[in-house]
Amino acid sequence: MDLGGGATALGLVLMSGLLIFLVVTPVAGVLADRLPRLSIIVACQLVSGAAQLFAAGMVLTGTATAGALAGLTMVAGAAGAFFQPAAKGLVPQLVPPGPMLVQANALLQICFNAVAILGPGLAGLVIAASSPGLILAWDGISFAVSAALFLTLRPSPGGRPERRRFLADLAEGWTAFVARRWLWALTVLSMVTSSCWAAGMSVLGPIYATQHLGGAAGWGLVNSAIGVGLACGSITSLLFPPVRVGLVLCAGAIPEALLLAGMAADAWLPVLAVTGALTGAAGTLNLIVWTSFLQETIPEEQLSRIVAANATVGSLLVPVAYAVTGPLADVVGVRAVLAGCGGVVVAGAVGVVSLREVRRLRASSHQGMASG
């Protein structure tokens, strides 16, 4: 934005990373099931760090352009696409199955949420006092430190599938994904909730805040409440792991619908803050439960491909939401789109919970995850 590109250039940079993520993730899942996951993770950290350091250098020297930053974002997006399936497949190689696996995922999420809450505020202070280039440089250095820390891990070898042609492995992973009705149904629900969140919160949220909440201060309160909810949901999953997994995953979508509906109804700001906290708590609880469930239920040699398929399908409609939400809001109004998004989320949750396979998903007696 300081370069004069405005919202269009910012959208280009953000979309470039997302689109490359969608293209690369299925390939990344196959490779993470074929190659040592730890090696993939370390390589991803080094590539991401290099991309951030290049970006920092261009910003600090005044040579950055929107096109160059978009290209580096694509490199980082590709590295992120390889990182996620490998990382989620690595956790079961480090932690034994059962309650410790759920606890490990909860602790990981607690750390992630803490950084997500503190990081942007710290970055804003540094940028205000100096330059965005310093934050990008620090980010690049942190990736290098992360790679060094990952190299200290000693995961169990884990099973590896028989080496076959790449396309055969890709097809086998997709077949394993669609063969589990509960899996693709819950993934579709994730696709619905992610796209409605992108439309209602990412695209329309700042506009709604300007029109109805008095600007950035009100919107900041709502987002702070969401952050508090993220922390509470992580701690809840650590102390009280849910038993009825399928019901929890479907019910976890309802607070998002309530938040979007509350915005559409021009609800009082404290009401939106409370609903935002519930949304954050439900979202992070769902993420931890879902990740642990997949790690316990899916065979280790297929896990990364299943995670990749879940991430790809779950994100498919997000670019569409980014593209159509603004023009649609210009036609029917911001609050009408928010109300529609809330209704779509409720319809998706009701539709998925109506499936018996989903309702029967539950934790086993030893608190590990098992499909009933």
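**Notebook: helix α11 and its surroundings**

I began with helix α11, whose buried residues pack against α7, α8 (205-212), α9 (216-239), α10 (245-251), α12 (269-297) and α15. Buried means under 20% relative accessible area, exposed over 50% and partly exposed in between, with a 1.4 Å probe and protein chains only. Helices are DSSP runs of H or I with at least four residues, numbered from the N terminus. Contact means heavy atoms within 4.5 Å.

I noted that the model is predicted, that local features need pLDDT of at least 70 and side-chain atom pairs pLDDT 80 or more, while totals for chains, interfaces and linings use all residues. Residues are numbered from 1 along each chain as its sequence is written, and side-chain values use heavy atoms, with hydrogens and water left out.

**Entry: burial of α11**

I looked up which residues of α11 are buried, and found Pro255, Glu256, Ala257, Leu259, Leu260, Gly262, Met263 and Ala264. These are eight of the 11 residues, so α11 is largely enclosed by the rest of the structure. Just after α11, I found Asp266 with a positive phi of about 60°.

**Entry: α11 against α15**

Two packed helices are described by the angle between their axes and the distance between the axes. For α11 (residues 254-264) and α15 (residues 334-353), I noted an angle of about 160° and axes 8 Å apart. Axes are lines fitted to C-alpha atoms, for helices over the stretch in contact, and angles run from 0 to 180 degrees between N-to-C directions. The two helices are therefore roughly antiparallel to each other, a term for angles over 145 degrees. On the α11 side, the residues that meet α15 include Ile254, Leu260 and Met263; on the α15 side, Leu338, Gly342 and Val345 are among them.

**Entry: the nonpolar cores**

I then looked up the largest nonpolar core, which has 56 residues. Such a core is a set of buried Ala, Val, Leu, Ile, Met, Phe, Trp, Tyr and Cys residues joined through side-chain atoms within 4.5 Å. Trp182 and Leu186 have the most contacts inside it. Helix α7 (residues 181-203) gives the most to this core, with 11 residues. A second, separate core has 13 residues, including Leu38 and Phe83.

**Entry: Ser195**

Leaving out residues up to four places away in sequence, Ser195 touches Leu317, Val318 and Ala321.

Terms used. Angles under 35 degrees count as roughly parallel, over 145 as roughly antiparallel, 65 to 115 as roughly perpendicular and the rest as oblique.
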